[in-house]
Amino acid sequence: KGCGLFEVRKLGDEYFTFIEECKNPKACTILLRGASKDILMEVERNLQDAMQVARNVMVDPRLVPGGGATEMSLSVYLTEKAKSVEGVGQWPYKAVAKALEVIPRTLIQNCGGSTIRTLTALR
């Protein structure tokens with residue numbers, strides 16, 4: 001009545017039943033596979049995290065910028081503020097601004113990006 005496609009498929013050494021194209025689905029199943037138990041556990045943890053994030057956004061749709069965006073924004077602001085301060089009073093502003101850039105710099109390096117180009121563009 002509500003099922004559009006009922007099919008048995010073999011994945012690896014196991015047979016699985018798939019019920020697809022339902023008219024009014026209320027649930028779904030996600031099939032996870034991995035080369036080892038450790039990899040499978042890691043995939044499951046990552047999926048659980050992703051589902052919790054999706055749930056949280058649906059329940060309370062507020063987001064905070066990630067990927068070092070907040071730190072970079074603060075760094076730019078403090079650098080500009082340092083320009084308006086005379087003498088040695090600007091040094092703390094510059095020091096904190098430089099320290100805040102460590103997070104975006106590390107993220108750029110970890111993903112294989114061009115650190116200098118990306119930081120310059122963000123500034």
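I began with the term itself: a salt bridge is a side-chain nitrogen of Lys or Arg within 4 Å of a carboxyl oxygen of Asp or Glu. The model I worked from is predicted.

**Entry 1, salt bridges.** I counted by this rule and got six salt bridges. I looked up one of them, where the side chains of Arg45 and Glu42 meet at 2.6 Å, N to O. I then checked where the pair sits. Arg45 and Glu42 are three residues apart in helix 1 (residues 37–59), so about one helical turn separates them.

**Entry 2, helix 3 and helix 4.** Two packed helices are described by the angle between their axes and the distance between the axes. I looked up both values for helix 3 (residues 91–100) and helix 4 (residues 102–110): the axes come within 4 Å and cross at roughly 25°. Angles under 35 degrees count as roughly parallel, and helix 3 and helix 4 are therefore roughly parallel to each other. Next I asked which residues meet. From helix 3, Lys98, Ala99 and Leu100 meet Val102, Ile103 and Pro104 of helix 4.

I found a nonpolar patch on the surface formed by Phe6, Val8, Tyr15 and Ile19. Together these residues have about 480 Å² of accessible area. Strand 1 (5–11) and strand 2 (14–20) are the elements that give two or more residues to the nonpolar patch. I placed Ile19 in strand 2.

Conventions:
Residues numbered from 1 in each chain as written. Predicted model: local features only at pLDDT ≥ 70, side-chain atom pairs only at ≥ 80, totals over all residues. Heavy atoms only, no water. Axes fitted to C-alpha atoms, helices over the stretch in contact; angles between N-to-C directions. Parallel < 35°, antiparallel > 145°, perpendicular 65-115°, else oblique. Contact = heavy atoms within 4.5 Å. Patch = residues over 30% accessible without salt bridge, like charges linked within 9 Å, V, L, I, M, F, W, Y side chains within 5 Å. Areas by Shrake-Rupley, 256 points an atom, 1.4 Å probe, with all protein chains shown as cover.
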